[in-house]
Amino acid sequence: GTKVYKAGTTGSWTQIESGRTSAGKYTHFRYNLAGTDYIVWADGANNASKYDGTTVTDLNASGAPSDPAYVVGHKDALFFAGMSSTPQAIVFTAPFTDDDFSTANGAGTIRVDSDITGLFPFRDQLYIFCEERIFRLTGNTIADFVVQPVTREIGCINGFTIQEFAGDIVFLGPDGLRTVAGTEIGRAS
């Protein structure tokens, strides 16, 4: 719900945040920036937040998405999607930052043509799952990012089902569990 807890070493729980409102399901991602371990989370109703083991900080700088449902790290940046006002957009931070959304520093926005239902970094690509399509983002920075369709005929109906399994990505499509490799354009579906 509206509170975030961390587990203690003795099985106890400590509340680390209580200021969230109308939170949905949480997505989270662990990353290390300049030698500090963080976990970042998003809930679809509030700003994303990060935690360094001591302090929770909202990611609400100028240009930050206000209510992302999904957050992952990829290519030394954080990627956010599932915003209520722009469900077809992905917002990403400048490289090696988690709170710089300035396009002058390398942050940006990418749009696809279907509502995003999940993000999944896999090998050197970021898979963008939508209701009716799947895309992959390749490249290293805004200067060479390319969005390519994996398929324009089927999508992921629940982003919480996306998992890596046996060297492939498995997800729940409208007709059941599918793999990205078996769904890719040019392959039998």
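Biologist: What makes β3 and strand β4 a pair?

Modeller: Two strands pair if DSSP finds at least two bridges between them. In this predicted model, β3 and β4 (residues 36–42) have seven bridges, in the antiparallel sense. So they count as paired. F29 stands opposite V40 in β4.

Biologist: Which sheet holds these strands?

Modeller: An open sheet of four strands, in the order β3-β4-β5-β6, with antiparallel pairing. The twist averages 25° from one strand to the next.

Biologist: Why do β3 and β6 stand at the edges?

Modeller: β3 (27–33) and β6 (56–58) each have a single partner strand, so one side of each lacks a neighbour in the sheet.

Biologist: What makes a space a cavity and not a pocket?

Modeller: In a cavity, a 1.4 Å probe fits but cannot get out, whereas a pocket is an open set. The count is one cavity of 30 Å³ or more. The largest cavity holds about 40 Å³ of space. Its lining includes H74, K75 and F145.

Biologist: What about the largest pocket?

Modeller: The largest pocket holds about 330 Å³. Of its 16 lining residues, T27, H28, V72, L119 and G159 are the closest to its centre. β11 gives the most to this lining, with five residues. By class, the lining has 10 nonpolar, six polar and no charged residues.

Biologist: Which strand gives the most to the second largest pocket?

Modeller: β4, with four residues. The volume of the second largest pocket is about 230 Å³.

Technical notes:
Residues are numbered from 1 along each chain as its sequence is written. This is a predicted model: local features need pLDDT of at least 70, side-chain atom pairs count only at pLDDT 80 or more; totals for chains, interfaces and linings use all residues. Side-chain values use heavy atoms; hydrogens and water are left out. On a 1 Å grid over the protein atoms alone, a cavity is a set of points where a 1.4 Å probe fits but cannot get out, and a pocket is an open set with protein on both sides within 12 Å along at least five of seven lines; lining residues have an atom within 4 Å of a point. Grid points are joined across faces, edges and corners, and a volume is the space filled by probe spheres set on the points. Helices (H or I, at least four residues) and strands (E, at least two) are DSSP runs, numbered from the N terminus. Axes are lines fitted to C-alpha atoms, for helices over the stretch in contact, and angles run from 0 to 180 degrees between N-to-C directions. Ala, Val, Leu, Ile, Met, Phe, Trp, Tyr, Cys and Pro count as nonpolar, Asp, Glu, Lys and Arg as charged, and the others, Gly among them, as polar.
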